[in-house]
Amino acid sequence: MRNRRRREPLLPWIALAILASGCDGTVVITDPGDGAVPFQTVVQSQTSGIDAPREQIIESASEWSAVWSEIGRGGPPPAVDFDRDMIALAAAGARPNGCYTIEIRSIDVRGGLLRIDVDLNEPGDNCVCPQGIVHPVHAVRLRRISRASDFDLRRVVQSCR
């Protein structure tokens, strides 16, 4: 009996080659349906120079440069391709001690809005905290989405018993 080699159908491979030839490898999602939106932290710190609480969507390099100067990290801001991405920023403003932090917990599209869920963490009773004024900030990069945005700030009190 001869050993026959099974031939794979060529049509799926040809279709894939045609699709790939017109693609540079990037996929831009500009208006996803409901569901989670992936994001990456660009900066998270307790030592920004942003004195007042702020929630902001940053959609241009000039706006990002100005905010980066306020954050006070020095040097040029981290590179962001604003044709494809945008920045969501949450700042807690001036807080009285080092137990305060802020974190963008999740981002999703719900009810037609881009919803950014933010936790403002603060000390509870009996917490021993580093003394000094802090200015917590968290900025994340996500794909540019053509939806109105809504920040939902949740106050989280730490238990220090």
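Modeller: Arg110 and Asp108 meet through their side chains in a salt bridge, with N to O at 2.7 Å. Keep in mind that this is a predicted model. Asp108 is buried, at 16% relative accessible area. Arg110 is partly exposed, at 35%.

Next, take Glu122 and Arg155. They form a salt bridge whose closest N and O atoms are 2.7 Å apart. Glu122 sits in strand β7 (residues 113-123) and Arg155 in strand β10 (residues 149-158), so this pair ties together parts that are 33 residues apart in sequence. Glu122 is buried, with a relative accessible area of 10%. Arg155 is exposed, at 59%.

Arg84, Asp85 and Arg141 are joined by salt bridges that share partners. Within it, the side chains of Asp85 and Arg84 meet at 3.2 Å, N to O. Asp85 is buried, with a relative accessible area of 4%. Arg84 counts as partly exposed, at 26%. Side chains of opposite charge can pair when their charged atoms come close. The count of salt bridges by this rule is 10.

Now place the network in its surroundings. Strand β4 covers residues 85-91, and strand β9 covers residues 137-143. These two strands run antiparallel and are joined by seven bridges. Strands of a sheet pair through backbone hydrogen bonds, either parallel or antiparallel.

Both strands belong to an open sheet of four, in the order β2-β9-β4-β3, with antiparallel pairing. Its edge strands are β2 (39-45) and β3 (54-58), each pairing on one side only. On average, neighbouring strands of this sheet are turned by 15° against each other, direction ignored. Helix α2 (residues 61-71) lies across β2, β3, β4 and β9. The helix runs at about 145° to β3.

Finally, the whole chain. The protein has two helices and 10 strands. Along the sequence, the pattern reads α-β-β-β-α-β-β-β-β-β-β-β. Of its 161 residues, 35% count as buried. Among contacts between residues at least 6 apart in sequence, 78% join residues at least 24 apart. The accessible surface comes to about 10200 Å², and 52% of this belongs to carbon and sulfur atoms.

Conventions: Residues numbered from 1 in each chain as written. Predicted model: local features only at pLDDT ≥ 70, side-chain atom pairs only at ≥ 80, totals over all residues. Heavy atoms only, no water. Buried < 20%, exposed > 50% of the residue type's maximum accessible area, 1.4 Å probe, protein only. Contact = heavy atoms within 4.5 Å. Areas by Shrake-Rupley, 256 points an atom, 1.4 Å probe, with all protein chains shown as cover. Pairing = 2+ DSSP bridges. Axes fitted to C-alpha atoms, helices over the stretch in contact; angles between N-to-C directions. Salt bridge = Lys/Arg side-chain N within 4 Å of Asp/Glu carboxyl O.
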